[in-house]
Amino acid sequence: MAKFLIYRVLQAIFVVFVVTLTVSFAIRLTGDPALMLSQGAGSITEADLERIREALGLNRPFLVQYWEFISGLFVGDFGRSFMGGTPVINLIERALPATLMLAIVSLVVSIAVSIPLGIKAATARGTWIDQAIRIFSLIGLSFPNFWLAIMLVLLFSITFRLLPPSGMEGPVSFIMPAATMAIILTATNVRLVRTTMLETLRSQYVMVARAKGLSETTVLYKHALRNCAIPLITYFGLQFGGLLGGIVVIERVFNWPGLGTLAFQAVAARDYPVLQAVITVLSLLIIAINLLVDIAYGLVDPRIRTE
Amino acid sequence: MTLKKTLAAALLAASVLSAPAHAAGALTISSPQDPGNWDPIDTFLVNWASVATNIFDGLTYRGPDLELVPGLATEWEELDEGTRIRFTLREGVTFHNGEPFNAEAVRYTFERLLGEEGASGPQQSNYTAIEEVEVIDDYTVDFHLSEPDPVLLTKLAGYGAMIVPPQYIEENGEDHFDMNPVGTGPFKFVSYQERESIELEAFEDHWDGAPELDTVTYRFITEPSTAVAELQAGRVDIVIPPTIPVGMISTIEEQEDLSIVSVASPTVQALRFNTANGITENEDVRKAIIMAIDRQAIIDTILQGEAEPITSFQGPLSFGNDPEMEPIPYDPEAAKALLQEAGVEPGATVQIDVRGNDATFGEVAQAVAAYLSVIGINATVQPYETNVLLNDIIPEGRTGEMFQQAWGGWTFDFDNTAYLMYHTGERWNPYDSDAELDALLEEQRSITDRAERERLLKEIARYTADRALEVPLYNVNALYGVNDRVQNFEAAPDSRLRLTDVTVEE
């Protein structure tokens, strides 16, 4: 296990290196931040632009700028935003919890709904209940997330005026963005739980458990669900990573003060330090989650623990 | 059953919590961009000004009517043939922190702007004509200029020339001032949450009288549909430009308690010509292209009437615009004849370069291409990422035969457009070089006599129209979405919305 962990950590470091290098390089191809900063000026000359570039440190060689970024990472210094000069770390400190909270709430809601529904669909296979769950899941899968978000806003914020259309102003603000993501996640998760459960129910130990005369609830939740756990944990873990990417769109629609909104504004303003930081943080998160998923295997499956 | 009950309870609770916060005298505004810094000399963003025009004052003041009136200076006098301006300052004015406003604050403001601190920002270059600010006495200053700057008095009404408090900055440092601005304006700063909101409250001791409102909150909402949803839900009172696209006008107007208020903005759109390559090298071909396009139809349909046709590269509010000037009329038959004379065969091609993120202009460009096909020119529309177009394609002279240029400065002075677009060697003039035009452009910069300068700027406008250097399209309106409970609201053409007189109904 220790050897495995060391290997995975080294792998993670390499991935972070490649991601940061790619991002730093690619963003510098997108255009000149100096021009963005002076958009209201009109009468900007080449000399002015050069002066601003110098102040931002953009006239130095790419590798120097990249090294500054990387070495700053180790001490938690992401530099300063081009838009106003705030330390980027302050922006991340506020945006990261907002994004994580939203992602966790969405995933937890989705798991809490899809496990019972998936099991129900598996045990009632072929009945109208199974059909209904599958049809709803297909409908959920067919919604583009931003469309669903806009429909929810139209209905609950504008027509009924029940929920705030945007911002993060307390628990109420979570309802629509989390529901949007949970609906789409649940659509896939129900199908996954159903399939995994069906396979498990066909196995011999379930037959044995039933033959012993155990109640159906014990068979399902104690024996079968435990054995479904590995593929499901893997999937939910990876899904969390994907979720962090998908959240960018949802955050924009709901003006959620998270990493997605931050990244979006940074792209629009060519704010290199902020964008670099957001992408680095996101990639670190995804790598960490993958690592946690591996460790979680050991916790749920004694066979892996002892190997 | 219990789930249903919980859900109902949650929704009920939610409805209480999300009820529009119509507190007495509180106004909420949606702004599309957080400048990230409130120091007047660190940014040059329109949405800095739309907030900060309430926090700071300049020596001069220019409101929605674009007339220049006294601000922190009560009067001024031009001396030494325009190279020295003497300002008499308003007495008894204090900054929000209690610090007095005087000649020393003016000197400090401009030394800071023109010195090291200003050098790292985009504002300095606008004020380089100022050589020195000399304190004559506590309430008199002399601006010594290296050369006359005819637009200086206007430029003193906004952006980098806003007067800042010397003691406050020296005691708290630049970084603190960036995030906690203090000025002499009608509203004082309360709190700022980066990328989310900034809150201001009335400054009771403002020299021009206390504002009617108690508090103003600006929320930064980038996505237009989200800003409009907040307006529809009654949680935002005003959505300021540039946010609302023409496509959303009907959504807002359909709701009974909301209105669209529009006003001519500084921005004009033109399709400029590549005068060095392709069929547009020929002046007659350029004129034929202009004749082929029915701009009024484009304005009435695609822009839903929210624009004015223009005759040169400036709007009707611009200093230097000549209302007498006649546009080249829409006449596809004459255009065909002109093309034939110029020896252009049917099937000739042009490429129109546009900004890819501008959906409305994309439609306009398609309409232009359709009009050109009527006179036998095959036009293709080439969208570029905006920054690529502005950084690499136009300045490098790599455009097609025609390219989109949106322009206009908050000063509403044609010099700001004409010099940069037409003078030889300028960044935005990659193709043309005209000695006669250069001479006119240089001449108008050296004189401060307004009438003479206006005559010259009009002459420049006429000259460029005669040479058909661009298809002058239209001056777009700035669109404000406003809740009807907002009273005494006057839309500002330059987005610098001062809220002193605004009230809200309960």
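**Ground rules.** I noted that this is a predicted model, in which local features need pLDDT of at least 70 and side-chain atom pairs count only at pLDDT 80 or more, while totals for chains, interfaces and linings use all residues. Residues are numbered from 1 along each chain as its sequence is written, and chains are lettered from A and ligands numbered from 1 in the order in which they are written.

Helices here are DSSP runs of H or I with at least four residues, strands are runs of E with at least two, and both are numbered from the N terminus.

**Gln265(A).** I then picked a residue in helix α11 of chain A, namely Gln265(A). Is Gln265(A) buried or exposed? Gln265(A) counts as buried because it has 23 C-beta neighbours inside 10 Å; the rule is that a residue is buried with 20 or more other C-beta atoms within 10 Å of its own, exposed with 12 or fewer, and partly exposed in between, with C-beta atoms placed from the backbone. Leaving aside neighbours within four places in sequence, I found Gln265(A) in contact with Arg195(B) and Thr222(B). I also noted that Gln265(A) and Leu275(A), 10 residues apart in sequence, are 8.9 Å apart in space, C-alpha to C-alpha.

**Helix pairs in chain A.** Two packed helices are described by the angle between their axes and the distance between the axes. Axes are lines fitted to C-alpha atoms, for helices over the stretch in contact, and angles run from 0 to 180 degrees between N-to-C directions.

I looked up helix α9 (residues 204–211) of chain A against α10(A), and the angle is about 145° with the axes 10 Å apart. In this pair, Tyr205(A), Val206(A), Ala209(A) and Arg210(A) of α9(A) meet Val219(A), His223(A) and Ala224(A) of α10(A), and by class the contact has five nonpolar, one polar and one charged residues.

For helix α5 (residues 88–123) of chain A and α8(A), I recorded an angle of about 35° and axes 6 Å apart. By class, the contact of α5(A) with α8(A) has 22 nonpolar, six polar and one charged residues.

**Chain B as a whole.** I counted 17 helices and 19 strands in chain B, and 49% of its 506 residues count as buried. Along its principal axes, the C-alpha trace of chain B spans about 85 × 70 × 35 Å. Among contacts in chain B between residues at least 6 apart in sequence, 70% join residues at least 24 apart.

**Domains of chain B.** By an automatic or database domain assignment, chain B is divided into domain 1 (3–32 + 186–260 + 479–504), domain 2 (40–169) and domain 3 (268–476). The C-alpha centres of domain 2 and domain 3 of chain B lie 35 Å apart, and nine residues of domain 2 of chain B are in contact with 10 residues of domain 3 of chain B.

**Backbone details in chain B.** I found a cis peptide bond from Pro241(B) to Pro242(B), with omega near -5°, and Pro242(B) is in the loop between β11 (238–239) and α9 (249–254) of chain B. Tyr159(B) has a positive phi of about 45° although it is not a glycine, and Tyr159(B) is buried, with 29 other C-beta atoms within 10 Å. Gln304(B) also has a positive phi, near 50°, but Gln304(B) counts as partly exposed, with 15 C-beta neighbours inside 10 Å.

Definitions and conventions
Two residues are in contact if their C-beta atoms, placed from the backbone, lie within 7 Å. Ala, Val, Leu, Ile, Met, Phe, Trp, Tyr, Cys and Pro count as nonpolar, Asp, Glu, Lys and Arg as charged, and the others, Gly among them, as polar.
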